[in-house]
Amino acid sequence: MSASGFPILIQEGLRPVYYDKFHCLAEGCRLSCCKGWSITFNKKDYLALRRQSGSPELMERLTGLRRVRDPNAAENRYGEFTMEGGTCALLREDCLCALQTERGPDALPEVCRNFPRTWAYQPSGYLERSLTPACEGVLALLWDLPEGLEFLSDPLTKEQRRSMTVEEDSLLPFFQPIRSLCIDLLQDRRAPLPRRILLVAMALKELAEGERDLPAWLERSRSLPETAAGLDTEETDSAAALFLSNNLHTLLRLRSLSDDFNRLSGELLFALGIQTHGLARVKLSLAPYRAARERFEECFKEREYFMENLMTALFFHLHLPDVTSGEALWKSCVNFCNLYSFYRFMAVMSCREGSAGNREELFRSLVHVSRSLLHNGAQRSALRDELFQNDSATLAHMAILLGG
């Protein structure tokens, strides 16, 4: 340790086992990443696209490139593609990219070359690589892992190695054992997934409140699945109504972010018997949701592991928990519980009355959730902060959010 901080040398990479198996579905993709959301890029990519040459068709499509005229825009929002009808101008009718087809993948802006891949150097001591579930190809990989997620590490090249210094008096030097413990709890199949997430919240609550004896904390947390056997409770109508209203609030908040999500949310509201844009004067009926849940559990009873895989992948992808401070730690935990609640709600509603109730409909729902919420940190933070403002960021309320 140094007087100025705790040094971490990053010499290895870490990735989920399915990372290397990913490939773009190209023309076989039903939920193209070239549709339904803004595609922005930095100045370097903008200028490179401006210098492209090619066929008359390609050059005509590239007229859909424009500057972002916002002085407060982030560095990666220097330029963007116009999205006529919600579709990138470079997307051909056969669902292939005109630029990549004609000029090769190196001609693409970085965001298009990398999606759905992300990477970042982390205080875990690894260069971490992950895949966002905002792509149906990634969901398909999670679908085919009945034994759960494993992670692979490999040495970095000399050029890839980095070092970072973190605050010595924070939990950052212990990020990796804390995160590993949480992932172990998430994958402990002796209990249903909602209960496992609640156990994670119980463990992290101790750290958020000041516990610093990490060996003792780790030992207690590992025994939580045995010592917290009384957590399971029968669902009450009031708890179910609170779960439903919280997720309907999220649905209404996100529906304006894209035309595709707006259409999907309209279908869900109709299935729930809600014909309004607000919930203040609506008497919620639990019956449509409970019917959808019964159908969901029947349709996917052989795939219970899928939601476990999804939430474990999200925990890793979002570099959770945030251990920079006690406050940040609990906020990240509340955020994760709220994310699960909404993913669960949307997954169940993929089996609503009138829907196909199949894998394709499930993936449609989860991709749009990811694009509207997972890739919108401001919305995630706003929804999380509302829970704190309403005094709902408690373990008891987390249990309700996880209980649907």
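Ser 265 is buried, because its relative accessibility is 1% and buried means under 20% relative accessible area, computed with a 1.4 Å probe on protein chains only. The model is predicted, so local features need pLDDT of at least 70 and side-chain atom pairs count only at pLDDT 80 or more, while totals for chains, interfaces and linings use all residues. Residues are numbered from 1 along each chain as its sequence is written, and side-chain values use heavy atoms, with hydrogens and water left out.

Ser 265 sits in helix H11, residues 259-271; helices are DSSP runs of H or I with at least four residues, numbered from the N terminus. Apart from neighbours within four places in sequence, Ser 265 is in contact (heavy atoms within 4.5 Å) with Leu 251 and Arg 255. The side chains of Ser 265 and Arg 255 also make a polar contact at 3.2 Å. Such a contact is a pair of N or O atoms within 3.5 Å, one able to donate a hydrogen and the other to accept it.

Asn 335 belongs to helix H14, residues 326-349. Asn 335 is buried as well, with a relative accessible area of 12%. Beyond four places in sequence, Asn 335 is in contact with Arg 380 and Arg 384.

Those arginines are part of a meeting of two helices, in which H14 residues including Trp 330, Val 334 and Asn 335 meet H16 residues including Arg 380, Leu 383 and Arg 384. The axes of H14 and H16 (residues 377-389) come within 10 Å and cross at roughly 105 degrees. H14 is therefore roughly perpendicular to H16, a term for angles of 65 to 115 degrees; axes are lines fitted to C-alpha atoms over the stretch in contact, with angles running from 0 to 180 degrees between N-to-C directions.

Key:
Buried means under 20% relative accessible area, exposed over 50%, partly exposed in between (1.4 Å probe, protein chains only). Angles under 35 degrees count as roughly parallel, over 145 as roughly antiparallel, 65 to 115 as roughly perpendicular and the rest as oblique.
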